[in-house]
Amino acid sequence: MSLKKKISLGALAAVLISGAVFFDLIRYGIRQAQGQWHIISNAKPVEQYLSDPLVPQETKDKLLLIDTIRKYAVSELNLTNTDNYTEMFDQKGEPVLWVVTGCDPYQFKPHEWYFPVVGRVPYKGFFKKELAEEEAKVLKEMGLDINIRTVGGWSTLGWFKDPILSEMLTRGDGNLINLIIHELVHATIFVKDSVTFNENLASFIADKGTLRYMENKYRSDSFRYVEYTNKEQDQRTYITHVLRGSEVLDSLYSAITDMDRSEKEDLKSKMIKRVMSTMDTLALNDSLYLKNVKNYQPNNAYFMSFQRYQSKQGLLDSLYVYQFNRDLIEFINYFKEKHGAD
């Protein structure tokens, strides 16, 4: 056999082996691209909605608010200027993305997937519910705690032009402002293999940026401002409670490593019930705030999601206060220079 044929056969073999090894990743990537393309290709420019006399004024007001927030995020927070949120996809009241997460049942160790460019990621998104359920079934068979949730927005990190999702417009003004800033932070600052850092940073900047915007736009005693800050305070109270609960669980898991699975499961279940039942002791502005989690028995994947988005808020706040003297722009510029997504 000639050297040329040997090289050709070797190259073909390498391609076939790589295809076999990365088949699931390739198939997932194709499905994601198809789902993302469906949304992008069916999104319409915001101007079309604004000029349509059949579109309710309330919808137009929310679209104008998003445009204002985009401009505010760029001019006042120095986030990257992109074409994100200049088009809208009509969800017709249906979810469009389901996210699957998995976690070790007796320690807070997330299941991770590896993707080129973004690195290791502790969640996987699907544009079809049945595919998310199939992935969750695989994780459950591996003995992991699993969680499936829908999401109201996400960032493609510049790979695509992120559209407004119509369900975003059902949010209150403060919540919508927070979401848009959060996702624009992702388009500005990104650290590979550091999902927890990225999500915590986006949450921190979005919280500070939203308050700053609302303080400037509305009086601090206005209904919108007070309503938003009260809800944020309730959310922070609940988050703190769940994070403390995860610390208690973590201590429990360290103490029961030598027990058999049935004993571990019994102690774990009792501790989680205790964490959730003590929510009744929380001082909240809205007595109905916790109605959706009453009698809910979460698992490690649920607690891990709070760690992923909120566990580093105290550290970030210390940095914000002591190193940057509460200067949000300097704080953002520091991370933008070190970890700019562009």
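Strand β2 (residues 87-89) and β8 pair in the parallel sense, joined by 2 bridges; two strands pair if DSSP finds at least two bridges between them. Helices (H or I, at least four residues) and strands (E, at least two) are DSSP runs, numbered from the N terminus. Within this pair, M88 has I164 of β8 as its bridge partner. The model is predicted: local features need pLDDT of at least 70, side-chain atom pairs count only at pLDDT 80 or more, and totals for chains, interfaces and linings use all residues. Residues are numbered from 1 along each chain as its sequence is written, and side-chain values use heavy atoms, with hydrogens and water left out.

β2 and β8 belong to an open sheet of 3 strands in the order β1-β2-β8, with mixed pairing. Its edge strands, β1 (44-45) and β8 (164-165), each pair on one side only. Helix α2 (residues 23-42) lies across β1, β2 and β8 and runs at about 120° to β2. Axes are lines fitted to C-alpha atoms, for helices over the stretch in contact, and angles run from 0 to 180 degrees between N-to-C directions.

## The sheet of β6, β3 and β7

Another open sheet of 3 strands has the order β6-β3-β7, and its pairing is antiparallel. The edge strands here are β6 (124-126) and β7 (145-150), each of which pairs on one side only. From one strand to the next, the twist averages 25°. β3 and β7 are joined in the antiparallel sense over 6 bridges, while 3 bridges join β3 to β6, also antiparallel. V99 stands opposite G125 in β6 and opposite R149 in β7. G102 stands opposite I146 in β7.

How many residues of β3 are buried? The count is 6 of the 6, so β3 is largely enclosed by the rest of the structure. Buried means under 20% relative accessible area, exposed over 50%, and partly exposed in between, using a 1.4 Å probe and protein chains only. W98, V100 and G102 point one way from β3, whereas V99, T101 and C103 point the other way, and all are buried.

## Helix α7 and its two partners

Helix α7 (residues 195-217) packs with helix α12 (residues 328-339) at an angle of about 155°, their axes lying 11 Å apart. α7 is therefore roughly antiparallel to α12; angles under 35 degrees count as roughly parallel, over 145 as roughly antiparallel, 65 to 115 as roughly perpendicular and the rest as oblique. The contact (heavy atoms within 4.5 Å) is made by F197, L201, F204, I205, K208, G209 and R212 of α7 with L328, I329, F331, I332 and F335 of α12. These residues divide into 9 nonpolar, 1 polar and 2 charged. Ala, Val, Leu, Ile, Met, Phe, Trp, Tyr, Cys and Pro count as nonpolar, Asp, Glu, Lys and Arg as charged, and the others, Gly among them, as polar.

α7 also packs with α10, at an angle of about 65° and with the axes 6 Å apart. In α7 the residues V195, T196, E199, N200 and S203 meet Q307, R308, Y309 and Q310 in α10. By class, the contact of α7 with α10 has 2 nonpolar, 5 polar and 2 charged residues.

## Two loop residues with positive phi

Most residues other than glycine have a negative phi. K92 is not a glycine, yet has a positive phi of about 55°. K92 lies in the loop between β2 and β3 (98-103), and is exposed, with a relative accessible area of 67%.

N295, also a residue other than glycine, has a positive phi near 65°. The loop that holds N295 runs between α9 (261-277) and α10 (300-310). Is N295 buried or exposed? N295 is exposed, with a relative accessible area of 83%.

## The chain as a whole

The secondary structure of the protein chain comes to 12 helices and 8 strands. Along the principal axes, the C-alpha atoms fill a box of roughly 80 × 55 × 45 Å. Of the 342 residues in the protein chain, 44% are buried. Among contacts in the protein chain with a separation of 6 or more, 74% are between residues 24 or more positions apart.
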